[in-house]
Amino acid sequence: MNRHIPLSVPCFRGNEIAYVTQAIQEEWVSTAGKAIGNFEDQLSKYVKADYAVACQSGTAGIHLALLSQGIGKNDIVLVPTLTFVAAVNPVKYVNATPVFMDCDDSLTIDPYKLEEFCAKECHFTDGRLIHTKTGKSVRAVVVVHVFGNMADMESVMDVAKRYGIRVIEDATEALGTYYTSGKYAGRYAGTIGDVGVFSFNGNKIITTGGGGMIVTGNERIANECRHLSTQAKSDLLYFDHDEIGYNYRMTNLQAALGLAQLEQLEEFILQKENNYRRYVERDIELLPFRRDTRPNYWFYSYMAEDRDETMRLLAENEIQARPVWKLIHTLKPYRDELSYRIEKAVFYHDRILNLPCSAGLTEEELDRVVSVLKEEMAL
Ligand SMILES: *Cc1c(COP(=O)(O)O)cnc(C)c1O
């Protein structure tokens with residue numbers, strides 16, 4: 001019997017046990033402790049962000065990011081439909097209204113349709129962009145760097161500037177991705193918009209079990225996120241709280257694990273890149289990552305002829321593959337929301353299959369995946 005090949009599992013080969021053990025021995029396990037600050041420092045240095053705030057999850061990070069922009073009732077946030085639902089749910093947590101946008105061939109938000117929506121469906125009143133049909137104020141866009149692929153940030157930032165909307169980068173899948181040339185050469189995913197969010201969930205490129213990080217170049221945003229994540233405590237001794245806060249802080253145990261993982265991130269990216277190239281060299285067609293970037297190669301997108309049949313055949317051979325997310329504008333809680341010219345997302349939704357991509361995937365395992373895919377192609 002062949003060993004099971006999972007889609008994406010973590011890789012613990014560094015100082016994980018040492019650092020977590022140290023946190024336990026020092027008896028700092030909860031939402032205070034040295035590792036949290038260290039992890040914030042190391043991560044902000046790595047992505048070259050001015051400020052970083054560690055939090056409980058990527059979802060919590062996006063929630064805090066929206067709150068830090070003062071987004072709430074009567075506001076619209078533009079969101080992609082082709083993404084994980086956690087990129088959109090926080091829009092509802094703050095009682096704002098999502099409007100769903102299409103992707104382009106990079107699977108990330110289509111900046112041309114974004115611009116077209118702003119130009120055709122909205123108008124300016126008192127310097128604010130108003131959605132004509134609903135009268136709501138278009139305040140922000142959530143840009144998701146899908147599967148580690150950088151969105152077209154140059155175009156997105158141009159549109160955002162022109163129409164006065166904030167850019168929240170969901171970089172949960174794209175830690176380590178950066179531009180190698182162009183206007184944003186050297187800039188990392190998550191650090192180009194107003195605020196960016198990373199996730200360290202179990203299937204992400206590095207993991208803390210669960211966890212997230214907010215990065216920004218704006219001190220006020222960082223302070224507000226940190227404040228809200230720690231129950232908005234305004235007096236450390238006398239339990240004074242000046243806002244309704246959240247218990248969203250990362251724990252010291254998670255941060256200890258994160259420090260060990262971050263040390264190995266570049267190695268993980270190299271392994272993922274090698275495996276990506278191996279698939280391609282064996283004539284497995286994977287969607288490309290954006291040119292002019294160094295992607296983190298987090299997930300590989302295979303364009304299947306018959307997605308479900310290919311998935312079934314892989315499963316029969318103990319290989320886990322997964323279709324891309326169901327489009328969010330078709331999900332029960334979002335069916336009645338507005339969407340704008342969604343076309344490409346449907347095309348990609350029907351075809352993409354994510355193939356095994358763990359950093360620890362061996363060449364033998366990869367060859368097993370390839371031989372099953374070739375069998376399917378020959379049918
Ligand atoms: C993983 C992920 C999130 C949420 O991160 P959590 O840490 O699991 O809450 C949000 N958006 C996208 C696109 C993700 O892949």
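Helix H3 (residues 58-68) packs against helix H7 (residues 219-229) at an angle of about 125°, and their axes lie 9 Å apart. The model is predicted: local features need pLDDT of at least 70, side-chain atom pairs count only at pLDDT 80 or more, and totals for chains, interfaces and linings use all residues. Residues are numbered from 1 along each chain as its sequence is written, and side-chain values use heavy atoms, with hydrogens and water left out. Helices (H or I, at least four residues) and strands (E, at least two) are DSSP runs, numbered from the N terminus. Axes are lines fitted to C-alpha atoms, for helices over the stretch in contact, and angles run from 0 to 180 degrees between N-to-C directions.

H3 and H7 are therefore oblique to each other. Angles under 35 degrees count as roughly parallel, over 145 as roughly antiparallel, 65 to 115 as roughly perpendicular and the rest as oblique. The crossing of H3 past H7 is right-handed. A crossing is right-handed if the near helix is turned clockwise from the far one by less than a right angle, and left-handed if anticlockwise. H3 contributes Leu64, Ala65, Leu67 and Ser68 to the contact. H7 contributes Arg220, Ile221, Glu224, Cys225, Leu228 and Ser229. Contact means heavy atoms within 4.5 Å. The residues of this contact comprise six nonpolar, two polar and two charged. Here Ala, Val, Leu, Ile, Met, Phe, Trp, Tyr, Cys and Pro count as nonpolar, Asp, Glu, Lys and Arg as charged, and the others, Gly among them, as polar.

Helix H8 (residues 252-262) packs with helix H2 (residues 34-47) at an angle of about 35°. Their axes are 8 Å apart. H2 and H8 cross in a left-handed sense. On the H2 side, the contact residues are Lys34, Ala35, Ile36, Asn38, Phe39, Gln42, Leu43 and Tyr46. On the H8 side, they are Asn252, Ala255, Ala256, Gly258, Leu259 and Leu262. By class, the contact of H2 with H8 holds nine nonpolar, four polar and one charged.

H8 also meets H1. The axes of H1 and H8 come within 8 Å and cross at roughly 155°. H1 is thus roughly antiparallel to H8. Their crossing is right-handed. Glu16, Tyr19, Val20, Ala23 and Ile24 of H1 make the contact with Asn252, Leu253, Ala256, Leu257, Leu259, Ala260 and Gln261 of H8. This contact of H1 with H8 has nine nonpolar, two polar and one charged residues.

Tyr46 lies in helix H2. Its relative accessible area is 16%, so Tyr46 is buried. Buried means under 20% relative accessible area, exposed over 50%, and partly exposed in between (1.4 Å probe, protein chains only). Tyr46 and Leu262 are 216 residues apart along the chain, yet their C-alpha atoms are separated by 8.8 Å. Not counting residues up to four places away in sequence, Tyr46 touches Leu175, Gly176, Tyr188, Leu262, Leu265, Glu266, Ile269 and Arg294.

Leu114 belongs to helix H5 (residues 111-121). With a relative accessible area of 1%, Leu114 is buried. Its C-alpha atom is separated by 8.4 Å from that of Asp102, twelve residues apart along the chain. Beyond neighbours within four places in sequence, Leu114 is in contact with Leu78, Met101, Ile109, Val141 and Val159.

In helix H11 (residues 344-351), the buried residues are Ala345, Tyr348 and His349. They cover an arc of only 105° around the axis, so they sit on the same side of H11. The arc is that of the directions from the helix axis to the C-beta atoms. Their cover includes strand E14 (300-303), helix H10 (307-316) and strand E17 (352-355).

Loop residues come next. Asn149 is in the loop between strand E6 (137-144) and helix H6 (153-163). Asn149 counts as buried, at 4% relative accessibility. Phe299 is 150 residues from Asn149 in sequence and 9.0 Å from Asn149 in space, C-alpha to C-alpha. Apart from neighbours within four places in sequence, Asn149 is in contact with Ser106, Thr108, Pro288, Phe289 and Arg290.

Glu27 lies in the loop between helix H1 (16-25) and H2. Its phi is near 65°, a positive value in a residue other than glycine. Glu27 is exposed, with a relative accessible area of 68%. Asp283 is placed in the loop between helix H9 (265-281) and strand E13 (293-294). Asp283 is not a glycine, but has a positive phi of about 65°. At 58% relative accessibility, Asp283 is exposed.
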